[in-house]
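Dear colleague,

I am passing on the structure we spoke about, so that you have it beside you while you read. My notes on what turned up in it follow directly below.

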Amino acid sequence: MDGDLAARRMSLHGRDLVSIRDLSREEIVAVLDSARKMVPLAEGSRPSDALQGRIVAMAFFEPSTRTRLSFESAVHRLGGSCLTIADAGATSLRKGESLYDTIRMLSSYADAIVLRHPQEGAARLASRASDRPVINAGDGAGQHPTQTLLDLATIRERFDTLAGLKVVLLGDLKYGRTVHSLAYALAEFGSEIILTSPEALRLPDEHREELKHLGAKLRDEPDLDKAVRQADVLYVTRIQKERFPDESEYRAVVGSYRIDAHTLREAKPQLMVMHPLPRAGEIASDVDGTPHAAYFRQAFLAVPVRMALLQAILGPAPRRR
Ligand code: CP
């Protein structure tokens, strides 16, 4: 490993990852570069013992398929082991134990904690309760920083850059934590961000203001067809039904946008259609067989990206030169 990469890795060693903004641009690039090299390990074609003897706790207090299982796969591929909470109802939270105490306990059983929780801010609280690194695997409508890392890896694999790309964020921009994280990274890397959503699900003002403060190239394009024609990346999101305070508000927007092969008829040939998944009707299955569909590759890249991150946070601290 060259000295520069060692120094950048060093900076992640033992650290929490609560928000994508906890990582500098250089640290993100270091993780993505390392993830590229992890692809053969993630495919199982080469073994690794980089996390041998290390235990990672998966504390999932909200449903997950991809995030939990790709983190578990990443740990196993690196020779480590997992302690898993996949059902909050099977823990002592049911008896009234606080999240703070639960995390404090876990930090004495594991070397790092991966936390998903329905409340925004839960990961920050957990990072204060734990003396081991805490990785945010999604906190309510807040942040999903490791999703952002794999989203960036997917875009970079296709385009080799993020700068100058036109990225349309489509769907639930109000409650969708994946777009809240991704927008900051896109701004940091110089992509143009185009926002397309039902009026009731617009990106909240606090995010718009912070993004503009960071110098983001940000604009609204309410017309989906126009947005699709301009896009290099179309990042589709599910309406986050579980975050609506009122069922009638959800019913007013459900089904208000959908991408199918016909919607993409005037798209650029290189357009990537991405989705953090699960999808719930926003992308028709006739897109799956087109060269635009990138969402299953995106889901696979979760494994090498999370391997790279875990190795940087938990692996042996690189020696200073
Ligand atoms: N993308 C994502 O977070 O998927 P899961 O909810 O299945 O983990």
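In the second largest pocket, the largest share of the lining comes from helix 8 (residues 205-213), which supplies three residues. Please keep in mind that this is a predicted model. The second largest pocket holds about 240 Å³ of space, and 13 residues line it, with Ser19, Glu120, Asp139, Gly142 and Gln143 lying nearest its centre. Sorted by class, its lining consists of six charged, five polar and two nonpolar residues.

The largest pocket has about 370 Å³ of space. Among the 21 residues that line the largest pocket, those closest to its centre are Arg116, Arg177, Arg238, Leu277 and Pro278. Helix 3 (66-77) and helix 7 (177-188) are elements that each supply at least two residues of this lining, and by class the lining of the largest pocket divides into 10 polar, seven charged and four nonpolar residues. Why is the largest pocket described as lying between domain 1 and domain 2? The reason is that domain 1 (3-143 + 302-314) and domain 2 (145-299) both contribute residues to its lining.

Two points in the backbone deserve a look when you have the model open. Proline 278 itself sits in the loop between strand 9 (272-274) and helix 11. The other point is aspartate 160, which has a positive phi of about 70° although it is not a glycine; this aspartate 160 is found in the loop between helix 6 (145-159) and strand 5 (166-170).

The last topic is how some of the helices pack, and here a pair is described by the angle between the two axes and the distance between them. Helix 7 and helix 8 pack with their axes 10 Å apart and at an angle of about 15°, which makes helix 7 roughly parallel to helix 8, since angles under 35 degrees count as such. The crossing of helix 7 and helix 8 is right-handed. Helix 2 (residues 25-42) and helix 11 (residues 295-314) have their axes 8 Å apart and pack at an angle of about 110°, so that helix 2 is roughly perpendicular to helix 11, given that this term covers 65 to 115 degrees. Their crossing, that of helix 2 and helix 11, is right-handed. For helix 4 (residues 99-106) and helix 5 (residues 122-129), the angle is about 50° and the axes are 8 Å apart, and helix 4 and helix 5 are therefore oblique to each other. The crossing of helix 4 and helix 5 is likewise right-handed.

With best regards

Methods
Residues numbered from 1 in each chain as written. Predicted model: local features only at pLDDT ≥ 70, side-chain atom pairs only at ≥ 80, totals over all residues. Heavy atoms only, no water. 1 Å grid on protein atoms, 1.4 Å probe; cavity = no way out; pocket = protein on both sides within 12 Å on 5 of 7 lines; lining within 4 Å. Points joined across faces, edges and corners; volume = space filled by probe spheres on them. Helix = DSSP H or I, 4+ residues; strand = E, 2+ residues; numbered from the N terminus. Nonpolar A, V, L, I, M, F, W, Y, C, P; charged D, E, K, R; others polar. Domains from an automatic or database assignment. Axes fitted to C-alpha atoms, helices over the stretch in contact; angles between N-to-C directions. Parallel < 35°, antiparallel > 145°, perpendicular 65-115°, else oblique. Left-handed = near helix turned anticlockwise from the far one by under 90°.
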